Amino acid sequence: MSHLAHANARKQTAVQTDELITANGVSVVLGNQLILQNIDLSIPQGSFVSLIGPSGCGKSTLLKVLAGLVTPTSGSVSIAGLSATEAARRRMIGLVFQDANLLPWKNAVDNASMLLSIANRSLSRAELQARGQEMLELVGLGDASNKYPHELSGGMRQRVAIARALALDPAVLLMDEPFGALDAITRDSMGQSLLEIWQRTGKTIVLVTHSIDEAVHLSNHVHVLGIRPGRITESMDIDLPYPRDLSVAEDPEFVKQAVHLRMLLRASHQPGGAS
Amino acid sequence: MTDQPVTYSADSRLASIWSAAAASWLPPITLILAIVVAWEAAVRIFSISSFIIPAPTEVAKSLVAQWDTLMQATLVTAGEILFGFVVSVVVGIAIALIIVRFDWLGRALYPLVVLFQNVPKVALAPIFILWFGYGLAPKIGLILVIAFFPVTLSMLAGMKSVDHSLLLLMNSVGASRTQILFRILVPHSLPSLMAGTKIAATLSVIGAIVGEFAGASDGLGYIIQFASTQLDTALVFAALLLVSVLGVAFYYAAEILERIVVPWRPKFNDA
Ligand SMILES: Nc1ncnc2c1ncn2[C@@H]1O[C@H](COP(=O)(O)OP(=O)(O)O)[C@@H](O)[C@H]1O
Ligand SMILES: [Mg+2]
């Protein structure tokens, strides 16, 4: 559990105003369409940030920019002082998508250590397995290590995908609608697990979601994106104390914040003019 | 027969395996028997000449009388099929890997491969005989040009069906193209590749027979052609029967290969 201790120490020493990720005037043109317009974003170290917005507004593109997978047409991204591509090269970025994308020919441990084995070629098989096992335990799948993907439920597969990203010990976890394909009950318990993982590891998390409740339940900052072009129209802090559990949804304060977010989101559905 | 007493549970398990086998095999076997009987009856009733359609009993007689010759020919043809099949699979996989791994070469090669697919390859048989003589080489060449394509195509299709976000994940940790190819694309393509390999197994049988038709001094294709010039239709049918058996055998061999190569298919998860 040494990495956990290490991560927690890092969390404690991090000053809350430390920005891990900053985006300055990021615009992205794909084809000849303006997908993202002038995005300014600052994501504090150790925070849990949600991005919410209508379908097609560019949330996934923004996440890919942060991951160094899409180069912005203009503007810049810095992650702990490095460019996004450099940060990716140093394994500082963990990615989780809607589809777990596990390799069907590998069991859960080998899937959990698969990206690490590519990122760090000096690790022995035993070290990779140990790391994979440790991560599976962190996501609550310690006893499923020998199971193959087809033997796991959708929620369990997504837990393995989270373990795979965490195995890299990234500075930030970028998650693109990770629970979008799961049923409501599994979704709730996955959100709760993610909160626990966040609190235990102190990772910075950026979550793209469609769900207002999920954003309010999990995050401490929410950025609302508008469509055509994709831009940040509103940002709000979620002022609810952690630890939060599922009963937080019955808290009148939760309801108030959710109503506010819904209002912001509705406003963002109107395409805006270029500025 | 065993002299050990059979326990009741083993007995009933055996019985259930038997009844399951019977349920799937009984209908086709019944139909085949019915056809054979009807065929025999029709030939006798309408007294059809045996060099037009031989009765099943005539075919069986020919099979027995020419057994040694037929077995020798079957071995020759089976050898051609096996050799040609293996070459086709190896070449088919190599072409698919080159197309995927090397952008420029791939873009150059792919249209040529597709274009070549539209050449009626059976028509190449006489040319191959001209170039390579009457031996094994022209048959292998013909099988190769007929059978490599489904292998290449199915492997390419399998590799293309990899989820884009999996490739993003690999890129996010700086995986090289070669790593992506061998750790993701190739294993991912195996189920699809094996489907193409089964088609190649069937096409290899056709390639071998066509190659023997075009020019050979041995093999089942040669016997079919030789016997038909002698109006020995019963022998033609006997050889056809053996060709069919070879086809079925190669198909099932490919299917067994599939189970070995793609063990993660859910139905084999306890292996
Ligand atoms: N590679 C691309 N080329 C051109 N347009 C793209 C590309 N990728 C995404 N887009 C477009 O960018 C817009 C935003 O896409 P995306 O970031 O996936 O949105 P979201 O994740 O918010 O649904 C969409 O209109 C989509 O069609
Ligand atoms: Mg998206």
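1. For chain B, the unreviewed UniProt entry lists residues 15-39, 81-102, 108-133, 140-159, 193-214 and 234-254 under "transmembrane region"; such annotations may be inferred rather than shown by experiment. The model is a predicted one, in which local features need pLDDT of at least 70 and side-chain atom pairs count only at pLDDT 80 or more, while totals for chains, interfaces and linings use all residues. Residues are numbered from 1 along each chain as its sequence is written, chains are lettered from A in the order in which they are written, and side-chain values use heavy atoms, without hydrogens and water.

2. Residues 15-39 of chain B are 100% helix and 0% strand, with end C-alpha atoms 34 Å apart, where helices are DSSP runs (H or I, at least four residues) and strands are E runs of at least two. Residues 81-102 of chain B are 95% helix and 0% strand, and their end C-alpha atoms lie 31 Å apart.

3. Helix H3 (residues 67-101) of chain B packs against H8(B) at an angle of about 145°, the axes being 7 Å apart, with angles running from 0 to 180 degrees between N-to-C directions. The contact (heavy atoms within 4.5 Å) between H3(B) and H8(B) has 16 nonpolar, four polar and four charged residues.

Key:
Ala, Val, Leu, Ile, Met, Phe, Trp, Tyr, Cys and Pro count as nonpolar, Asp, Glu, Lys and Arg as charged, and the others, Gly among them, as polar.
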